[in-house]
Each structure stands twice: as structure tokens, then as C-alpha cells.
Amino acid sequence: MKKILIVEDDPAIAALLFDFLTEAGYKAVTAADGVEALTLFSAQAFDLILLDVMLPRIDGFGVCEVIRQKSKVPIIILTALDSELDQLVEERLFALEDLFVQKELDIKKELEPGIFIDGDRLLLAKAPDNLLSNAAAYSPAGSLVHVRLWPEAGHGMLTLENTGIHIPDADIPRLFEAFYRVDSSRNRMTGGSGLGLYIVNTILALHGGTADIANTAQGIEVSLCLPLHIIKQR
């Protein structure tokens with residue numbers, strides 16, 4: 001059973017994360033401050049760490065620095081901030097621009113402004129970041145990556161389609177499982193950790209949203225849906 005350390009000083013958020021991960025079949029352990037987190041980290045092995053930034057005694061950046069000196073365990077940094085979703089996606093596209101150029105991929109974007117999210121900004125940014133990184137890593141040269149954002153029936157919809165590649169139908173139901181890889185020969189050096197889509201799905205679930213993936217005629221499309229209660233049209 002995979003073990004995840006939750007480092008969060010807000011009891012309500014910690015309980016939400018704990019319940020979600022436990023129901024998903026993972027062993028969850030919580031720490032309420034940086035010192036407790038480092039004590040648990042020293043005593044136990046974890047497969048993933050969810051780390052809040054604003055923590056008592058030692059903040060999240062300090063905790064991360066200590067852990068990185070000893071381990072390469074995946075860490076997701078948490079921090080809350082209201083954010084406009086199209087700007088967040090634009091930031092991630094800009095950050096990955098060189099990678100897309102190297103892979104000779106074309107980007108088509110249709111991003112409607114005015115969709116604001118009340119949530120964890122760094123955590124939410126990780127979702128499109130992981131999807132765009134996957135598209136760059138696994139799309140053949142010359143492919144098109146199409147990113148769309150729009151409001152629909154009280155939801156914010158974000159889709160990313162990368163062309164020129166398909167996933168075996170038998171693998172699709174398992175793609176959001178932690179550590180699952182379509183190609184069993186992939187490893188952390190050649191094909192990622194198998195956590196990318198799991199992290200995307202977890203981020204959406206923690207914000208009351210959903211994630212889906214399907215083959216299309218042109219390639220693969222991932223769809224993210226965020227519900228009305230965290231979206232404000234301004």
C-alpha cells in the first residue's frame with residue numbers, strides 16, 4: 001500500500017485530504033507543522049508528500065529543503081490564492097515553451113478570460129503543467145496540442161488534446177491510478193514516475209472537480225471540469 005504524508009496545519013483541509021486518500025486505498029499520515037513533518041519523514045518511508053507552505057515552526061519551503069537533501073520523494077507544494085484560470089494556463093504554456101519548440105509541436109489555444117478559481121493556486125497550476133508536460137513528452141514531432149478553456153452550464157471546462165498518438169483502450173480506465181504506466185518498460189529515468197495523471201485527478205477531486213481522458217479521431221484528449229461553487233464570473 002502506497003503511503004502519503006499530508007503536512008497541513010488547517011484541520012479541516014487535513015481531514016479532507018486524509019479521507020480522500022484513505023477512501024482511494026492509500027495509507028495517509030498527517031502532520032500539523034514542519035517539525036512534526038520532518039520527524040515523521042525521518043522515521044517512515046513515504047511515496048508522496050503533500051506539503052502546505054504556511055506552517056508553524058518550520059514553513060513548507062524549509063521542510064522541502066531538508067527533505068530534498070535526503071530524498072527524491074515526490075512533493076506537491078500547497079498554497080491558497082484566488083486565480084484567473086486562463087492566466088494560470090498561459091503561465092504554464094510560457095514556462096514550457098522551449099520544450100514545445102524542441103519537440104517541434106504546434107500550440108493552438110482558445111482560452112476564455114473571466115473564470116476565477118478559489119483554491120490552491122500552486123496545486124491547480126500543477127494540473128495543466130502535468131498535462132502539457134505529458135503532451136510534450138509523448139507526442140511525435142510536428143503534432144498539434146490544442147488547449148481550450150470555456151464556461152459551460154455552471155462549470156469551467158479545460159481540455160487539452162494532443163494529436164498523433166493514441167492510448168490502448170484497455171489502459172484508459174487505469175490511467176489515473178498512482179504509479180500506473182501504459183508502457184511497463186518506462187521508469188523514472190525514461191518515462192516518468194507514473195504519478196502525473198494521478199496527481200491531476202487528485203487535484204481536481206480536492207477542488208470538487210473531475211478529470212477524464214479519451215481517445216479522439218486525432219489523438220488523446222484530457223478534460224478537466226471545475227464546478228460552479230469555485231468559479232466566479234467577474
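Two strands count as paired here if DSSP finds at least two bridges between them. I start with that because much of this talk is about one sheet and its pairings. The model on the screen is predicted.

First, the overall numbers. The chain has 234 residues, and 49% of them count as buried. It contains seven helices and twelve strands. Among contacts with a separation of 6 or more, 68% are between residues 24 or more positions apart. The accessible surface is about 11600 Å², with carbon and sulfur atoms making up 55% of that.

Now the sheet. In which order do its strands lie? The order is S6-S8-S9-S11-S10, five strands in an open sheet with mixed pairing. As background, strands of a sheet pair through backbone hydrogen bonds, either parallel or antiparallel.

S10 runs antiparallel to strand S11, residues 219–226, and six bridges join the two.

Helix H4, residues 85–95, touches S6, strand S8 (144–152), strand S9 (155–163) and S11. The direction of H4 makes about 170° with that of S6. Helix H6, residues 121–138, touches S8, S9 and S11, and its direction makes about 15° with that of S9.

Next, S9 itself. S9 is joined to S8 by eight bridges, and the two strands run antiparallel. Within that pair, Pro151 stands opposite Gly156 of S9. S8 and S9 form a hairpin with two residues between them, and Ala153 in the turn takes a positive phi of about 50°. S9 is also joined to S11, again by eight bridges and antiparallel. There, Asn162 stands opposite Ile220 in S11. Is S9 enclosed or open to the outside? Eight of its nine residues are buried, so S9 is largely enclosed by the rest of the structure.

On to empty space. Rolling a probe the size of a water molecule over the atoms shows where such space is left. How many cavities of 30 Å³ or more does a search of the whole structure find? The search finds four. The largest cavity has a volume of about 80 Å³. H6, S9 and S11 each supply at least two residues of its lining. The lining residues include Leu124, Ala127, Pro128, Gly156, Met157, Leu158, Leu224 and Leu226. Leu204 is also on that list.

Leu204 takes us to helix H7, where it is one of the buried residues. H7 covers residues 196–206 and is mostly covered, with eight of its eleven residues buried. Besides Leu204, the buried set includes Leu197, Tyr198, Ile199, Val200 and Leu206. Just after H7 comes Gly208, with a positive phi of about 80°.

Arg57 is not a glycine, yet has a positive phi of about 70°. Arg57 sits in the loop between strand S3 (48–52) and helix H3 (60–68). Glu104, also a residue other than glycine, has a positive phi near 60°. Glu104 is in the loop between helix H5 (97–102) and S6. Why do these residues count as exposed? The cut-off for exposed is over 50% relative accessible area. Arg57 is exposed because its relative accessible area is 64%, and Glu104 because its value is 55%.

Last, a residue at the other end of that scale. Ala28 lies in strand S2, residues 27–31. Buried means under 20%, so Ala28, at 7% relative accessibility, counts as buried. Leaving aside neighbours within four places in sequence, Ala28 is in contact with Ile4, Ile6, Phe18, Leu21 and Thr22. Its C-alpha atom is separated by 9.4 Å from that of Phe46, 18 residues away along the chain.

Technical notes
Residues are numbered from 1 along each chain as its sequence is written. This is a predicted model: local features need pLDDT of at least 70, side-chain atom pairs count only at pLDDT 80 or more; totals for chains, interfaces and linings use all residues. Side-chain values use heavy atoms; hydrogens and water are left out. Helices (H or I, at least four residues) and strands (E, at least two) are DSSP runs, numbered from the N terminus. Buried means under 20% relative accessible area, exposed over 50%, partly exposed in between (1.4 Å probe, protein chains only). Contact means heavy atoms within 4.5 Å. Accessible areas come from the Shrake-Rupley method with a 1.4 Å probe; for residues, only the protein chains shown count as cover. Axes are lines fitted to C-alpha atoms, for helices over the stretch in contact, and angles run from 0 to 180 degrees between N-to-C directions. On a 1 Å grid over the protein atoms alone, a cavity is a set of points where a 1.4 Å probe fits but cannot get out, and a pocket is an open set with protein on both sides within 12 Å along at least five of seven lines; lining residues have an atom within 4 Å of a point. Grid points are joined across faces, edges and corners, and a volume is the space filled by probe spheres set on the points.
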